[in-house]
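Here is a short tour of one protein model, written for someone who likes to look at the atoms. Have the viewer open and follow along.

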Amino acid sequence: MRKPAVTSVPIATLMAERWSPRAYDESAVVTPEQVRALLEAARWAPSFGNTQPARYLVGVRGTTAFDDILATLNSGNRAWAHRASLLLIGVMMTTNEKGPVPYAEYGLGLASENLVLQAVELGLIAHQMAGFSPDAVRAVFALPEDAVPKVAIAVGSPAEPDVLEEERRIEREKADRVRLPLAEFAFTGRWGEPALR
């Protein structure tokens with residue numbers, strides 16, 4: 001199911017096609033090459049002073065790591081994410097050999113967006129989630145103190161929305177994508193004065 005962004009001017013296809021579906025094909029697999037491409041895309045994201053604060057815990061469906069990541073998700077996310085082919089946890093490193101890493105969260109965000117856009121390039125779908133237990137991730141994966149889990153990501157192949165079973169979830173999957181208009185998004189002169197209309 002495609003839901004390309006409705007934009008005032010054309011934008012790059014990868015960005016227009018990126019959205020966050022929950023309907024995954026539980027029979028689909030991600031290949032080792034696809035996993036490598038996702039992580040390479042994330043690895044080459046920009047970061048402040050080339051500090052590279054992003055790290056990922058990787059679980060391919062059928063592995064213990066997948067089950068462990070799935071168990072850290074909240075019940076609402078587990079209800080659909082179990083069908084994904086791949087689950088990841090994005091972790092930010094808050095220190096390095098020079099001390100505190102500036103803008104570590106921003107760096108992880110850039111890396112994760114690269115990963116998600118690479119998924120689109122590969123014909124996959126991805127959904128980023130805040131609904132998981134960082135404490136459970138820390139315990140299960142024995143993270144060091146300066147490694148902070150910030151986001152869970154499901155990756156896989158799309159399925160029809162009815163795999164979600166609940167009418168509310170199916171309707172949310174089919175709903176139009178909505179964003180603020182540019183006039184409420186970008187300002188000039190003073191706050192609230194639209195840069196574009």
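## A working definition

A salt bridge here is a side-chain nitrogen of Lys or Arg within 4 Å of a carboxyl oxygen of Asp or Glu. Please keep in mind that this is a predicted model.

## Overall build

Let's start with the whole chain. The protein has seven helices and six strands, and along the sequence they follow the pattern α-α-β-α-α-β-β-β-α-β-α-β-α. Along the principal axes, the C-alpha atoms fill a box of roughly 50 × 50 × 30 Å.

How does the radius of gyration of the protein compare with that of a compact globule? For 197 residues, such a globule would come out near 16 Å, and the protein has 18 Å, which agrees. Buried residues account for 40% of the 197 residues. Counting contacts with a separation of 6 or more, 73% are between residues 24 or more positions apart.

The structure holds five salt bridges. One of them pairs lysine 150 with glutamate 105, at 3.4 Å from N to O. Lysine 150 lies in strand β6 (residues 147-156) and glutamate 105 in helix α5 (residues 104-121), so this pair ties together parts that are 45 residues apart in sequence.

Is lysine 150 buried, partly exposed or exposed? Lysine 150 has a relative accessible area of 33%, and is therefore partly exposed.

## A network around glutamate 166

In one, glutamate 166 pairs with arginine 168, and the closest N and O atoms are 3.6 Å apart. In the other, the side chain of glutamate 166 meets that of arginine 169, again at 3.6 Å from N to O. Salt bridges that share partners join Glu166, Arg168 and Arg169 into one network.

The three members have these accessibilities. Glutamate 166, at 38% relative accessibility, is partly exposed. Arginine 168 reaches 52% and counts as exposed, whereas arginine 169 is buried, with a relative accessible area of 11%. The cut-offs behind these words are under 20% for buried and over 50% for exposed, so the 52% of arginine 168 falls in the exposed class.

## The largest pocket

Now for the open spaces. The largest pocket has a volume of about 670 Å³, and 19 residues line it. Which of these residues lie nearest its centre? They are Ala5, Val6, Thr7, Arg179 and Leu180.

By class, the lining of the largest pocket divides into 11 nonpolar, two polar and six charged residues.

## The second largest pocket

The second largest pocket holds about 210 Å³ of space. Of the 16 residues that line this pocket, Leu39, Ala42, Arg43, Ala54 and Tyr56 are the closest to its centre.

Which element gives the most to the lining of the second largest pocket? Helix α2 does, with five residues. Three elements, α2 (32-43), β1 (54-60) and α5, each supply at least two residues of this lining. Helix α5 is also where glutamate 105, the partner of lysine 150, is found. By class, the lining of the second largest pocket has nine nonpolar, three polar and four charged residues.

How values were computed:
Residues are numbered from 1 along each chain as its sequence is written. This is a predicted model: local features need pLDDT of at least 70, side-chain atom pairs count only at pLDDT 80 or more; totals for chains, interfaces and linings use all residues. Side-chain values use heavy atoms; hydrogens and water are left out. Helices (H or I, at least four residues) and strands (E, at least two) are DSSP runs, numbered from the N terminus. Buried means under 20% relative accessible area, exposed over 50%, partly exposed in between (1.4 Å probe, protein chains only). On a 1 Å grid over the protein atoms alone, a cavity is a set of points where a 1.4 Å probe fits but cannot get out, and a pocket is an open set with protein on both sides within 12 Å along at least five of seven lines; lining residues have an atom within 4 Å of a point. Grid points are joined across faces, edges and corners, and a volume is the space filled by probe spheres set on the points. Ala, Val, Leu, Ile, Met, Phe, Trp, Tyr, Cys and Pro count as nonpolar, Asp, Glu, Lys and Arg as charged, and the others, Gly among them, as polar. The radius of gyration is taken over C-alpha atoms; the globule rule is 2.2 Å times the number of residues to the power 0.38. Contact means heavy atoms within 4.5 Å.
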